[in-house]
Amino acid sequence: MNGNQMTIGFIGLGLIGGSIAKTIRRIHPDSIIYGFDTDLPSCKMAKQDGTLNRYFEKLDPSYKDCELIFLCAPVSNNIEYLKELNEIVSPDCLITDVGSVKGPMQQAVKALGMEEHFIGGHPMVGSEKTGYSNASDHLLENAYYFLTPSRNTQFQLSARFSSFIQGLGALAVSLQPEEHDFITASISHVPHIIAAELVHLVRRSDHNNGMLKQLAAGGFKDITRIASSSPVMWEQICMNNSENIKEILTNMVSDLNEVIRKLDEKNGSYINEYFRTAGEYRNSVPDHSIGLFNKVHKLYVDIPDEPGTIATAASQLAFNNISIKNIGIVHNREFEEGVLEIILYDEESCAKAAAVLRERNYTVHLR
C-alpha cells in the first residue's frame, strides 16, 4: 500500500481516529483523506490544520472513492456505519476499525459478507484525555497495533495492511479476534474497572469534610488516573466484551477472598509471597514499548523548603532547553520519593532532566 497514492476515509475523528489521520498526513503528505464525525468542530479543526482534504456532516456517497476506511467510532456505532458502507464502498476497498473489542464487529462483518476485505485493528494507545484536540501525529510510535483478519481475509491484503501500519511507526501484531478480546479484557478493560472502583471506594468513605480527597494525591491519584477515561466509551467496551470481563473479575474476586481468609488466619508468609510474586512479575513487564496506557514521564527531586528552590530547579532545566509539562509539590509522599514532582513531555526529556539536576547535586528519583 502506497499511502501517498491512496484516498483514505475516517469515520470518527476522536483521539485515536484523529491521531491515525494526523500520522498518515505526516508520513504520506500527498494522500487524500476524507473525514466524518458527528462532532462537527472536530471535522473543522482537522480541515483547518491540513489533516483532512474534505469533511462531511454525514456518511457521504463520496466514500466510494476510498481505498481504505478506518472506523473510529464506538463499537456499536461502527457496526451501524459498516452496514451503510456496505452499500457505498467499492469491492476493492479495505475497511478496518480501531475498537478494543473485536468479537461483535467480526460477527457483523461475517453477517454482511464483508470478511474478504475487512481487517480488524486496535492500536494499543490511549489516554484519559479524549477528542481530536488531544490527537497527536506521534501517538502510534512504537505502540503495539493488533490486527485481527478473519479466516477469509486475503493473505496478501493482510500482509500489505500490516506493512502499512508498521510504516506509521507502530508494531503490528496479528491475533484471532477471540484471543484479542481476552487479552484486552485482562490488561485494559478490567484494570479500568478496578481503577474506577478504587475511586468509588474512597468516594464512599469520604465522610470527613472531603479529607480523603485532600489527602489522596500522589500515588493514589496516579494509579487511578485511567478512571477519568470517557464513560461513554467504557460503557460500550464493557457491554461488548462482558463475558471476558466477567470471567476475569470473578477470578479476581476469588483471589481477593483468599487474601481475606489469609488475613483472618494471620498468615504472614502467604501475604509476603503474594506481594513478592506480584512485584517480580510487575518488574519483568517491559518498559520500552507503548501499551494501552500512556506512560507518564515523571521525576521527583528532593529540595529544601526554602524560597526560590523550585524556581532554581526549573531554571536549570530551561537553561538546557528542557520543556516542563507540569511541576508541583507532593504533599502525600507515602508512595513517592522526593518533594518536587516534575512531569516532562517524553522519555528523552525525562532522562536529560534527571542528568542535568544530578550534575548539580540534586537527589533525583525517576518514576
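**Chatting through the fold**

Biologist: Starting with threonine 309, is that residue buried or exposed?
Modeller: Threonine 309 counts as buried, because its relative accessibility is 14%, under the 20% cut-off. Keep in mind that this is a predicted model.

Biologist: Where does threonine 309 sit?
Modeller: Threonine 309 belongs to helix α12, which covers residues 309-319.

Biologist: And which residues does threonine 309 touch, leaving out those up to four places away in sequence?
Modeller: Ile303 and Pro304.

Biologist: OK, what does α12 lie across?
Modeller: Helix α12 lies across β10 and β11, the latter being residues 340-344. Relative to β10, α12 runs at about 160°.

Biologist: What's the strand order in that sheet?
Modeller: The order is β10-β11-β9-β12, in an open sheet of four strands with antiparallel pairing. At the edges are β10 (324-329) and β12 (363-366), each pairing on one side only. On average, neighbouring strands in this sheet are turned by 20° against each other, ignoring direction.

Biologist: How many bridges join β9 to β12?
Modeller: Four bridges, with β9 (residues 297-302) and β12 running antiparallel. Take valine 301 as an example: its bridge partner in β12 is valine 364.

Biologist: Which strands does α13 lie across?
Modeller: Helix α13, residues 347-359, lies across β9, β11 and β12. Its direction is at about 15° to β9.

Biologist: Switching topic: how confident is the predictor, on average, across the chain?
Modeller: The average pLDDT is 86, and 92% of the residues score at least 70.

Biologist: Where does pLDDT stay under 50?
Modeller: Over residues 332-337. The model has 13 contacts beyond four places in sequence for that stretch.

Biologist: Now helices α10 and α11. At roughly what angle do their axes cross?
Modeller: Roughly 145°, and the axes come within 8 Å. Helix α10 is residues 242-264, and α11 is residues 268-284.

Biologist: Left-handed or right-handed crossing?
Modeller: The crossing of α10 and α11 is left-handed. On the α10 side, the contact is made by Leu256, Glu258, Val259, Lys262 and Leu263. Tyr270, Ile271 and Tyr274 make it from α11.

Biologist: How many disulfides are there?
Modeller: The structure holds zero disulfides. Cysteine 66, for instance, is in no disulfide: the nearest cysteine sulfur belongs to cysteine 93 and is 6.2 Å away.

Biologist: Last one, proline 177. Which helix is that residue in?
Modeller: Proline 177 is in helix α6, residues 177-205. The proline is buried, with a relative accessible area of 8%.

Biologist: What is proline 177 in contact with, neighbours within four places aside?
Modeller: Lys102, Gln106 and Thr148.

Biologist: And how many residues apart in sequence are proline 177 and glycine 121?
Modeller: The two are 56 residues apart in sequence. In space, their C-alpha atoms are 9.7 Å apart.

Conventions:
Residues numbered from 1 in each chain as written. Predicted model: local features only at pLDDT ≥ 70, side-chain atom pairs only at ≥ 80, totals over all residues. Heavy atoms only, no water. pLDDT = per-residue confidence, 0-100. Contact = heavy atoms within 4.5 Å. Helix = DSSP H or I, 4+ residues; strand = E, 2+ residues; numbered from the N terminus. Buried < 20%, exposed > 50% of the residue type's maximum accessible area, 1.4 Å probe, protein only. Pairing = 2+ DSSP bridges. Axes fitted to C-alpha atoms, helices over the stretch in contact; angles between N-to-C directions. Disulfide = S-S within 2.5 Å. Left-handed = near helix turned anticlockwise from the far one by under 90°.
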